[in-house]
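Please look through the sequence and the model before working through each solution.

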Amino acid sequence: MRSKCSLFLFSLVLFLTLPAQAALIPAEPQIAARAYLVMDADTGKIIAAKDQGKPFPPASLTKMMTAYILEYELNKGNVSEDDLVLVSEKAWRTAGSRMFIREGTQVRLGDLIKGIVIQSGNDASVAVAEHIAGSESAFADLMNQHATLLGMENSYFMNATGLPAENHYASAQDLAILAKAIIRQFPQHYSIYSEKYFTYNNIKQPNRNKLLWRDKTVDGLKTGHTEEAGYCLVASAERDGMRLITVVMGTSDEEARARESQKLLSYAFRYYRTHKLYDADKVLNTAKVWSGAQNQVNIGIDQPLFVTIPRGQADKLEATMDIDRVIKAPVEQGQVYGKVRVTLEGEAVAEVPLVALNSVNEGGLMKRIWHAILLFVTSLIG
C-alpha cells in the first residue's frame, strides 16, 4: 500500500515567480517538411511535431551517430584525438561530400571528427568507421547497437555516411534523442558542432548549417541532403537556460531547412518555458523504516527535475508524493520507494521515482522481532 500526501512546493516558491494568467498558445506553425519536431533537451517534451516517429532516409544526419560513437570511444579512452588513422582506398574513393583526405596518408582522429561534423566528409566517416570497428559494415552493426541502447526505436543504419542504402532510415524523434545524447553525454566535444569553418589539406569548407550565422543562440548540430531524403537539419539552441532541439526532414532546399527550423525554435522559445523544480539528491521527505538500525530514511530524487510548460502557468503546478507505506531494512541508497507526480491543471507533466538518499542497515534481533509483530498486528487492523 502507499500513502499519498501533498508535497510542499518550496522549490516552486523559490524558482517560479511568474504571475497567474491564462495560457495563450497559438496553433503550431506550418512547417514545410515531411517530418519535424521541436523538443526540450532537458525534459524530452515534444512541443510541436508531425510524423516524428515515421522513418525516413536521414542522409548525412547519419553522421551524428558516427560522431557519437567516436565521442563515446574517446570518452572511454579507447582512442585518442592524436591517434593517426591510415586512409584506405575505400575511404578515399567514397563519393559525395568530402574532407579531401588522401589514400595511404595518416590523419589525426581529432581532425577527422571535425571533417565529419563540420565538412560532412563521407571519406572521413568511412576512415573513422574502419579505424574503430575494422570495417564500415562492422561499424554499422555498432551504430545499431548504440541506437538500441539510446531507445532509437525507428532507426536502422547500413553505413557510416548516410549515402542511400536499402533499409537505412531514421525518424525525427530518434534523431532528437541522438542529438540530446551528444549534447548531454559529451559536452567536451560539443563545441565542434558550432564551428563555422574547418580547413584541411589547404581546403577551407564552411559548416552547412546556415543557422550558425543567423542566430547566435544556435550551436549545432548537423545537416543532410540526398535526392531521396531531401534537405534535412538537426539544430539546437539555448536561450535563458532553456535548450531546444529541432529536426526537419525532407524540406525542399538549403534555405527551407534553415527557415523551417527557425520557425520551430521561435515558436517554442516564445510560448514555452522550462523550469527546474528540484535538485538531485535534495531531501524532499523522510519515511519510517521498519526493523532498521535507524528509524527513518531520507527520500528524494537522484536526478534534477525539470518541466516544460506554457509561459505564465508556473503558479498552477501541483506536486504530490506517493511513498511506500511499508519500508523494511535493509535499505540501499538509490532504491525506489515511490514517485513524485507533477501536474498542471490536473494533467500530468512529469513523474519521477522517489529513492532512498541513504542506506539503512538492519537493526538488532530483538528490534526485528518486535517490528515484525507490530507489522503483523497493523496488517490485521488495516
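**Exercise 1.** Is E195 buried, partly exposed or exposed?

*Solution.* The model is a predicted one, and the relative accessible area of E195 in it is 25%. Buried requires a value under 20% and exposed a value over 50%, so E195 with its 25% is partly exposed.

**Exercise 2.** Find the salt-bridge partner of E195, and work out which parts of the chain the pair ties together.

*Solution.* E195 forms a salt bridge with K114, and the closest N and O atoms are 3.8 Å apart. E195 lies in the loop between α8 (187–190) and β8 (197–200), whereas K114 belongs to helix α4 (residues 109–117), so the pair ties together parts that are 81 residues apart in sequence. K114, at 24% relative accessibility, also counts as partly exposed.

**Exercise 3.** Describe the salt bridge between E260 and K263, and state how accessible each residue is.

*Solution.* The side chains of E260 and K263 meet at 3.3 Å, N to O. Both residues lie in helix α10, three residues apart, which is about one turn of the helix. E260 is buried, with a relative accessibility of 1%, while K263 is partly exposed at 33%.

Terms used. Residues numbered from 1 in each chain as written. Predicted model: local features only at pLDDT ≥ 70, side-chain atom pairs only at ≥ 80, totals over all residues. Heavy atoms only, no water. Salt bridge = Lys/Arg side-chain N within 4 Å of Asp/Glu carboxyl O. Helix = DSSP H or I, 4+ residues; strand = E, 2+ residues; numbered from the N terminus. Buried < 20%, exposed > 50% of the residue type's maximum accessible area, 1.4 Å probe, protein only.
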